[in-house]
Amino acid sequence: MLFNHDVVIVGAGGAGLMAALYAKEGGADVAVVSKLHPLRSHTGAAQGGIGAALANEEEDHWMWHAFDTIKGSDYIGDQDAILIMCQDAPRTIIELEHYGVPFSRNKQGLISQRRFGGHTRNYGESAVRRACHAADRTGHAILHTLYDQCTRKGVRFYDEFQVLDLLQTPDGTVNGVVAYEILSGDLHTFHAKHVCFATGGYGRAFQTTSNAHAGTGDGLALTLRAGIPLEDMEFVQFHPTGLYRLGILITEGARGEGGILRNNSGERFMERYAPTVKDLAPRDLISQAIYKEIREGRGINGEPYVYLDMTHVGADILEKKLPEITTFSRTYLGVDPVTQPIPIAPTCHYAMGGIPTDYNGQVEKGQRGDFVQGFYAAGECACVSIHGANRLGTNSLTDLVVFGRRVGMHMAERLRTEGRTKEPLIADPEKRTREMLDGILARQDGENVATVRADLQDSMMKGVSVFRTDETLTEALSDLKTLRARARATTVRDKGKRFNTDLLDAVELQHMVEYAEAIAAGALRRTESRGAHSRDDYPSRDDAAWLKHTLYWSNGEGEYRFADKPVTMKTDEFPQFKPKERKY
Ligand SMILES: Cc1cc2nc3c(=O)[nH]c(=O)nc-3n(C[C@H](O)[C@H](O)[C@H](O)COP(=O)(O)OP(=O)(O)OC[C@H]3O[C@@H](n4cnc5c(N)ncnc54)[C@H](O)[C@@H]3O)c2cc1C
């Protein structure tokens, strides 16, 4: 079928729903197309908080928030966009509160705020309470409220429709998408004036991850295929505290409420790595510290994990402020955090890189200000770039709501002022997708998808995770060559039309190979250590050579090229934002 809307948003997490809500309020006819039911989006799993300098608990300023975000990014976040986000965050939180988000309260009845890694008062003096939260189910509360509001305002939802192609005119203007209806197996074309990708993260390329199964980077792969670059893909965040072996997240809020990391001898080892903020250092530093402890033989009983000790925090705080993670630990590990330390190890968590956009979410072709007409991106799949080389905890939810809102408003404003008609669709827009799916269904005697996916996740984990070297990265890239061929030869057993998740798994695997190559190739090219990108063979940050963003294009056949993009600095106005060595 052919569906017509002014605006088509792909993805129904926090970023997609925020964009939908504000585009709709701005008078646009808005559709949200999502491969999951909106309430199953990964935003619903966000636990610990959303950052904004509300100063409800103690003195705080959005400028301190901006400084922390820039320092956290290891100085390659774009400072103009960071200033916008931190200044806009308090107002956006109040708007969310007015929409009905049930935030936790402090004794004065204000939104409760707690400490989180890398968030400080007065430019690094000590930790500050900046994370607004709804117990440790913050994302769940935000997602449900936004879905309510979108439904109330008449946003049109197409649930369980998986987008498989981005449509463009011959001159590259984006004017729609092709989606596969999971229930029926039918293909549909969506014709639009503006398309916004809000397809979330891609942690599923790694064996140990906190990300949901749907985090397969579809939006990134479709963008690359359209000849549009990806930015800063080498920066992948490993969160320090995943449940050992499972990767399920234990929020940083646990350390914000007083939790302590300990090694085999019971030592609070973060005192050595970050003497001022200790266990509340940013994630890149803590994950690297945990791996150093493990490598040097101080993992628990010589095994590759350490402890998160909450036993001194007390049952009351654990049950009231951290109920979710307390239950996770009891259910999945049989460990009661009230009386026992929790075994944890780093887990792949967040993609700093993604589709390059300006601070209104307009996708850029390469140079700043050179936009792909009709195309926007928001949320974790986008690279604005706020998070640079390392995202601070609570800043993703802030990014979603601030930039999701801006994208929605920008699209609506353009529709009102430009009054243009839709660019005509190409002939038979579903052809490419139909042929791709028929090709997969016709394959015989190949490997099954799960085997190839497990090998991909294993290669990425071994070669491209917390510590990287020329050797590990070269090996991963060589594995990826073989994996691309293997992914293209997999056989799906289910040949039917209804809920053929086998078929979609095969498509997603091909996407995973494409962006995995972007991560590994970007990491090999960047011969320095910065934020989450840590090279054993280049252990220092090298501002002279590498204070810049990476752009990556690929032809989908293993040939790729790079370009650099300058970082936007505001250091003339704000000298405190000048790059310095990061100490905490
Ligand atoms: C366990 C966990 C806890 C976290 N806790 C926090 C926290 O406390 N604070 C914080 O700031 N951040 C946190 N984060 C990070 C944050 O939650 C995510 O970065 C953020 O929610 C991503 O939102 P999004 O809207 O970009 O995408 P998502 O919420 O991931 O949604 C992606 C959407 O895209 C759709 N989609 C994807 N591909 C397709 C396709 N091909 N066709 C159609 N639809 C598609 C999906 O159906 C889904 O609706 C956490 C992350 C995890 C995993």
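Residues are numbered from 1 along each chain as its sequence is written, and side-chain values use heavy atoms, with hydrogens and water left out. Because the model is predicted, local features need pLDDT of at least 70 and side-chain atom pairs count only at pLDDT 80 or more, whereas totals for chains, interfaces and linings use all residues.

Helix 15 (residues 501-525) packs against helix 5 (residues 218-225) at an angle of about 70 degrees, and the two axes are 9 Å apart. Helices (H or I, at least four residues) and strands (E, at least two) are DSSP runs numbered from the N terminus; axes are lines fitted to C-alpha atoms, for helices over the stretch in contact, with angles running from 0 to 180 degrees between N-to-C directions. Helix 5 and helix 15 are therefore roughly perpendicular (65 to 115 degrees; angles under 35 count as roughly parallel, over 145 as roughly antiparallel and the rest as oblique). Their crossing is left-handed, that is, the near helix is turned anticlockwise from the far one by less than a right angle, clockwise being right-handed. Asp218, Ala221, Leu222 and Leu224 of helix 5 meet Glu508, His511 and Glu514 of helix 15, contact meaning heavy atoms within 4.5 Å. This contact comprises three nonpolar, one polar and three charged residues (Ala, Val, Leu, Ile, Met, Phe, Trp, Tyr, Cys and Pro count as nonpolar, Asp, Glu, Lys and Arg as charged, and the others, Gly among them, as polar).

Helix 13 (residues 449-464) also packs with helix 15: the axes come within 10 Å and cross at roughly 15 degrees. Helix 13 is therefore roughly parallel to helix 15, and the crossing is left-handed. The contact is formed by Val449, Val452, Arg453, Leu456, Gln457, Met460 and Val464 of helix 13 with Asp505, Ala506, Leu509, Met512, Ala516, Ile519 and Ala520 of helix 15. By class, 11 of the residues in the contact of helix 13 with helix 15 are nonpolar, one is polar and two are charged.

The structure holds one cavity of 30 Å³ or more. On a 1 Å grid over the protein atoms alone, a cavity is a set of points where a 1.4 Å probe fits but cannot get out, a pocket is an open set with protein on both sides within 12 Å along at least five of seven lines, and lining residues have an atom within 4 Å of a point. The largest cavity has a volume of about 70 Å³, a volume being the space filled by probe spheres set on grid points, which are joined across faces, edges and corners. Its lining includes Phe238, Arg283, Asp284, Asn390 and Ala532. Helix 8 (283-295) gives the most to this lining, with four residues, and strand 13 (236-243) supplies at least two. Four nonpolar, five polar and two charged residues make up the lining of the largest cavity.

Of its 21 lining residues, Leu285, Gln288, Lys292, Ser529 and Pro539 lie nearest its centre. Helix 8 again gives the most, with five residues, and the lining divides into six nonpolar, five polar and 10 charged residues. Gln288 also lines the largest cavity.

The peptide bond from Val384 to Ser385 is cis, with omega near 0 degrees; Ser385 lies in the loop between strand 20 (382-383) and helix 11 (395-418). Tyr123, although not a glycine, has a positive phi of about 55 degrees and is located in the loop between strand 5 (113-121) and strand 6 (126-132).
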